[in-house]
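Here is a short report for a first look. Take a moment with the sequence and the 3D view before reading on.

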Amino acid sequence: MKSYALKRLLYLIPTLFGASVLIFFLYSLVPGNFVDADPNLTLERKAELYALYGFDQPAIQRYFIWIGNLLKGDLGYSLQFQRPVGEVLGNYMWSSFFVALASLILTWIIAVFIGVVSAIRQYSLFDSLITVLVFAAMATPSFFLGLLAIKFFAVDLGWFPAGGMITTGSDLTGWAYVKDVAQHMVLPVLVLTMLGIGGLARYFRTNMLEVIKQDFVRTARAKGLKEKVVVYKHALRNALLPAITLFGFELPALFSGAIITEQIFNWPGIGAIYMQAFTVRDYPLLMGFTMFIALLTVISNLIADLLYGVADPRVRLK
Amino acid sequence: MENPIDLPVSKKKVKPNRKSSLWGQVLGRLLKKKIALVGLGFLIFIFLFSFIGPFFSPYVHLGVDPTKVNQAPSAAHWLGTDKLGRDVLTRLMLAGRISLTVGLGAMVMSVTIGALLGILAGYYRGIVDQIVMRIADILMTLPGIPLLFIMAAVMSEWKVPTEHRLYIVMLMLSLVGWPGLARLVRSQVLSLRERQFIQATDALGLRDRRKLLNHLLPNIVPLLIVSGTLSIGGAILSESTLSYFGLGVVPPEASWGNMITSANSLIDFQKRPWLWIPPGLAIFMTVISINLLGDGLRDAIDPNMKRR
């Protein structure tokens, strides 16, 4: 197990290195840059800024400067915010994190419930209805779902604010502030939850169906235990166990922000910042963000694989 | 030489059972899945709607009509008109052509690349495997939407005429889509190559090309059909997202995604839902039908295949 983990950790190095090369050179192919995006600059000022930001050097040289700084833990300097990229990401990460966390918790609770009920009532009306809803959620483009949510819940019904994180112009403190932010969070969380629930509910349903057929469940029933105890204590526990690996895969989503949903709801998270940086071609921020997600992805894959061995010791890791 | 065990059978004339062919069985099982058939039926409807429908519309050649701007749905214009006076229903059909073409094209390209590289990696292993799978790993490490945005920005620079933008979108989606497929195919090939029928082709001294194309490929076709079908839905969703953000198919060409862009104007969003809700529903219904069909196909082709 230890040697496996070590081997996997070593494997991360070439993958991340490859990812850094790809990220850098892909972004260097993107037309336009931050200086050219500003039409008010004179030619001399442009040349000055080019030299200052190092745009005049060849791409290879810039790559090595970038990766060198990256290895030292320096993600670069955001041109748009005029602050270190790490700081910008750190600032906006938390607003993304709270939305993601809230929807993660909701998604898991609802998905477990749906999965269990549709498994113990396989082929019932509820099961078919849920299957259709699950497919529906997987077939809706996230931006369209967001727009529909705004249209119905914010514009037509007026229950929740349409976008942003706080009411514009308000300066609330304490509980009032928390309440205001929570109200603004409802719709993005709702959309993210609806998008995420489908796959997970199907996963729990499959797991539950497999577990219910097993001998120990039959034994539990034969002992005369109540159906509730059989389902929720004996079966559910075993159906949940393999799902802990999925927790690993959720890690990037917690911190990386949801680009499209944040954009639609104007939520000031890391995803919305990415879109903004993309329009003004703030490359250090874009590259830092992409690299950050790549890092999170490989780490979460590793964690998921390791957890797999923990959850099911029959799986031999080698 | 006669084998005594075979005797009773060989005397009877055995009628070939028509249903015993692999694809006959698959079809039989698929026909029993009502919900998959509903999906198939709706897909056929969408295809007819998009490709044949425009021939029945009186508004195809008219295009812009400044006298009929922003009309609500009526008997003449079932889904109203947009800000340039174009009939929304006709545009919805024409957009369907593009969205479906992009979805199908992206699927064909990513299945081709993914299957080819997956077979090569799984069969030859060693250095080929390392190179292909490391590239796939790296591509899968990068977040999907930023990757698509970058490629869209790069390819916009090629100054492709708007009516050919859809091929660019196809190319982008297949570049993002192949790694997952290559991984699936590779793992399948890794187990297939140890089977006896492949060892037999070794013993027969067949050339690699024949081994791969005539013996390995047919065995991964079921896998390709299922994941290919399901990937069309994903491709249509990605296309709509890109087009919504102005990075996919761009006006004046219509795609379901860029028709929803009209929701960005506050007045259209609040007062003229006929502009942006129908294309969204079209995407939704198409993708849900594709997924239901793909799910049914998966069960029909291999009842033991793990459902997730």
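Predicted model: local features only at pLDDT ≥ 70, side-chain atom pairs only at ≥ 80, totals over all residues.

Now the helix itself. α4 of chain B covers residues 88-124, which makes 37 residues. At 1.5 Å a residue, α4(B) should span 54 Å. Most of α4(B) is covered, with 27 of its 37 residues buried.

Next, a loop in chain A. Gln214(A) sits between α7 (174-212) and α8 (215-222) of that chain. Gln214(A) counts as exposed because it has 12 C-beta neighbours inside 10 Å, and 12 or fewer is the cut-off for that class. Met194(A) is 20 residues away from Gln214(A) along the chain. The C-alpha atoms of these two residues are separated by 31 Å.

Last, the two chains together. In chain B, 33 residues are in contact with 35 residues of chain A. Five helices of chain B, namely α5 (126-141), α6 (144-156), α9 (208-244), α11 (266-271) and α12 (277-301), each supply at least two residues of the side that touches chain A. α12(B) gives the most, with seven residues. The table sorts this side of chain B by class.

| Class | Residues on the side of chain B that touches chain A |
|---|---|
| Nonpolar | 21 residues |
| Polar | seven residues |

How values were computed: Residues numbered from 1 in each chain as written. Chains lettered and ligands numbered in written order. Helix = DSSP H or I, 4+ residues; strand = E, 2+ residues; numbered from the N terminus. Expected span 1.5 Å × (residues − 1). Buried ≥ 20, exposed ≤ 12 C-beta atoms within 10 Å, placed from the backbone. Contact = placed C-beta atoms within 7 Å. Nonpolar A, V, L, I, M, F, W, Y, C, P; charged D, E, K, R; others polar.
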